[in-house]
Amino acid sequence: MSTYKDFMGLDLEKKQMKRCSKCKHYLNKSQFSKYKNNLAKECKRCRKKLTQNNKENTLEQKRNTTQSRSNYLYNTYGITSKEYTEMEREQDNKCAICLKEETVLDVNNKAKRLCVDHDHITGDVRGLLCSRCNLGIGYLMSDEGTDILLNAISYIEIHNLEHE
């Protein structure tokens, strides 16, 4: 049977021992968790430390995400998170056009936040819109004005009259 030496120079039976990839100690295989018929790379003690560090990193990322959103709102639209929240409250967390709450979901399966609608020429913030209305006016408005949007309204009104 092959043998090898641990960090203290002691001979160990290879079949019963495994080296932890984190702490580098040779430990009994019972000190490692099993995953899909294989042993984990890290011993249970190191794995616990890694899990705790990941939880702390996740909390830090959430704090950074909040700060990133604040920076994005300010740098892009010139408004603070507090002003955005105030606009949400004033609009009852509903779109300024369709008067409905946001229905588009993010990657976490939660409703997205309302979009900041702004004038692309002046940069002035007009209000908060749901994703659908924001895309709609984005496609139907041009930098020159509202002609395409007004033409679309006329088109729909003409064709809806045919159904009545």
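Analyst: Start with the burial scale. Buried means under 20% relative accessible area, exposed means over 50%, and partly exposed is in between (1.4 Å probe, protein chains only). The areas come from the Shrake-Rupley method with a 1.4 Å probe, and for residues only the protein chains shown count as cover. This is a predicted model, so local features need pLDDT of at least 70 and side-chain atom pairs count only at pLDDT 80 or more, while totals for chains, interfaces and linings use all residues. Residues are numbered from 1 along each chain as its sequence is written, and side-chain values use heavy atoms, with hydrogens and water left out.

Now the salt bridges. A salt bridge is a side-chain nitrogen of Lys or Arg within 4 Å of a carboxyl oxygen of Asp or Glu. The structure holds five of them.

Glu42 pairs with Arg47, and their closest N and O atoms are 3.4 Å apart. Glu42 is buried, because its relative accessible area is 12%. Arg47 has 34%, so it counts as partly exposed.

Arg113 and Glu88 form another salt bridge, at 3.2 Å from N to O. Arg113 sits in the loop between α2 (81–90) and β7 (115–118) and Glu88 in helix α2, so this pair ties together parts that are 25 residues apart in sequence. Helices (H or I, at least four residues) and strands (E, at least two) are DSSP runs, numbered from the N terminus. Glu88 is buried at 14% relative accessible area. Arg113 is partly exposed at 41%.

Asp117 bridges to Arg126, with 2.9 Å between the closest N and O atoms. Asp117 is buried, at 9% relative accessibility. Arg126 is partly exposed, at 45%.

Next, the surface patches. Patches are made of residues with over 30% relative accessible area and no salt bridge; like charges are joined within 9 Å, and nonpolar side chains (Val, Leu, Ile, Met, Phe, Trp, Tyr) within 5 Å. Lys and Arg count as positive and Asp and Glu as negative, with His and the chain ends not counted. A charge is placed at NZ of Lys, CZ of Arg, CG of Asp or CD of Glu.

A positive patch on the surface gathers Arg19, Lys22, Lys24 and Lys41. Lys41 belongs to strand β6 (residues 38–43). Its relative accessibility is 60%, so Lys41 counts as exposed.

The nonpolar surface patch consists of Leu135, Tyr139, Leu140 and Ile148, with about 420 Å² of accessible area together. Helix α3 (residues 131–140) gives the most to this patch, with three residues. Tyr139 lies in α3. Tyr139 is exposed, at 67% relative accessibility. Ser131, Cys133 and Ile137 of α3 are buried. The buried residues of α3 pack against β7 and β8 (125–129), where contact means heavy atoms within 4.5 Å.

Last, the backbone. Most residues other than glycine have a negative phi. Asp92 is not a glycine, yet its phi is positive, about 55°. Asn109 also has a positive phi, near 65°, and is a residue other than glycine. Asp92 is in the loop between α2 and β7. Asn109 is in the loop between α2 and β7 too. Asn109 is exposed, at 60% relative accessibility.
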